[in-house]
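Here is a short tour of one protein model, written to be read beside its sequence and 3D view.

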Amino acid sequence: GTYTLQWQSSADNSAWADIPGATISDYSPQQLSSGTYFRRRVTSGTYTPVYSNSVLITVSPQITLAQLRDNITIDNNTSTNINVVITGGTSPFTVNYTRNGATQPAINNYLSAADFSTGVLTAGVYTYALTSVTDANGCSAQNLGTSIIVTVTVNGNLTAGSVGSAQTVCFNSSPAPLTQVTAPTGGTGTYTLQWQSSADNSAWSDIPGATISDYSPQQLSSTTYFRRTVNSGSYTPLYSNSVLI
């Protein structure tokens with residue numbers, strides 16, 4: 001009728017060790033980093049000690065990484081996918097994030113390496129940040145910090161700019177240089193230029209070596225049109241106004 005109690009723990013449900021100080025009817029385990037079995041030994045006088053059922057506490061694998069991918073640059077009025085790489089834990093996951101500081105709808109049933117779409121974005125800079133990642137067991141990733149931020153830069157629409165003005169010159173004379181009036185804008189911000197010429201303002205040919213903002217035509221023996229092509233990343237090339245000499 002008098003009992004001495006002792007709680008024990010085991011990693012394999014075979015080799016048991018007493019838990020110091022755990023000698024009352026209930027026991028509150030400490031933080032666990034691996035699966036552990038628990039049982040309670042009961043001693044009463046000279047009776048042979050007996051043991052309770054063993055109870056297994058399974059520890060969900062730690063989420064060791066929850067990382068957004070690198071910064072992205074896309075064109076205006078397009079979308080991209082953002083990838084969250086999650087290591088550890090138990091999938092599927094619930095991912096909570098913000099865009100430019102505003103909370104977005106949670107992504108449920110997210111696998112450990114999948115994409116979610118930003119939707120169509122217009123020109124601007126959008127910063128995405130993880131706020132929490134929770135696995136199927138309700139365990140959360142720890143220490144989500146500023147290192148897990150991805151910025152999507154959306155370029156503006158590409159414009160070609162404009163060039164020079166029409167001229168009339170004498171036969172076999174060199175025209176005045178064709179100069180840039182307005183520079184290209186939008187696109188990726190980096191531009192590849194190519195001047196072209198045409199006899200009819202319809203069929204155009206690249207002018208070898210004419211790849212800067214201005215162009216100085218050679219001596220002309222016939223009426224000629226000139227224009228400038230602007231390329232920027234994956235944008236569709238655009239053309240300046242054509243100039244008739």
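## Surface, pocket and salt bridge

Leu32, Val55 and Ile57 together make a nonpolar surface patch of about 200 Å². Patches take residues with over 30% relative accessible area and no salt bridge, nonpolar side chains being joined within 5 Å; areas come from the Shrake-Rupley method with a 1.4 Å probe. This is a predicted model, where local features need pLDDT of at least 70 and side-chain atom pairs pLDDT 80 or more, while totals for chains, interfaces and linings use all residues. Residues are numbered from 1 along each chain, and side-chain values use heavy atoms, without hydrogens and water.

Ile57 sits in strand E5 (residues 55-57); strands are DSSP runs of at least two residues, numbered from the N terminus. Two residues count as partly exposed, which means between 20% and 50% relative accessible area:

| Residue | Relative accessibility |
|---|---|
| Ile57 | 31% |
| Asp18 | 42% |

Which residue does Asp18 form a salt bridge with? The partner is Arg41, with the closest N and O atoms 3.3 Å apart. The pair links distant parts of the chain, 23 residues apart: Asp18 lies in strand E2 (residues 17-18) and Arg41 in strand E3 (residues 36-43). The whole structure has one salt bridge, defined as a side-chain nitrogen of Lys or Arg within 4 Å of a carboxyl oxygen of Asp or Glu.

Finally, the lining of the largest pocket includes Leu32, Thr58, Pro61 and Cys139. This lining divides into five nonpolar, seven polar and no charged residues.

Technical notes
Patches are made of residues with over 30% relative accessible area and no salt bridge: like charges are joined within 9 Å, nonpolar side chains (Val, Leu, Ile, Met, Phe, Trp, Tyr) within 5 Å. Helices (H or I, at least four residues) and strands (E, at least two) are DSSP runs, numbered from the N terminus. Buried means under 20% relative accessible area, exposed over 50%, partly exposed in between (1.4 Å probe, protein chains only). On a 1 Å grid over the protein atoms alone, a cavity is a set of points where a 1.4 Å probe fits but cannot get out, and a pocket is an open set with protein on both sides within 12 Å along at least five of seven lines; lining residues have an atom within 4 Å of a point. Ala, Val, Leu, Ile, Met, Phe, Trp, Tyr, Cys and Pro count as nonpolar, Asp, Glu, Lys and Arg as charged, and the others, Gly among them, as polar.
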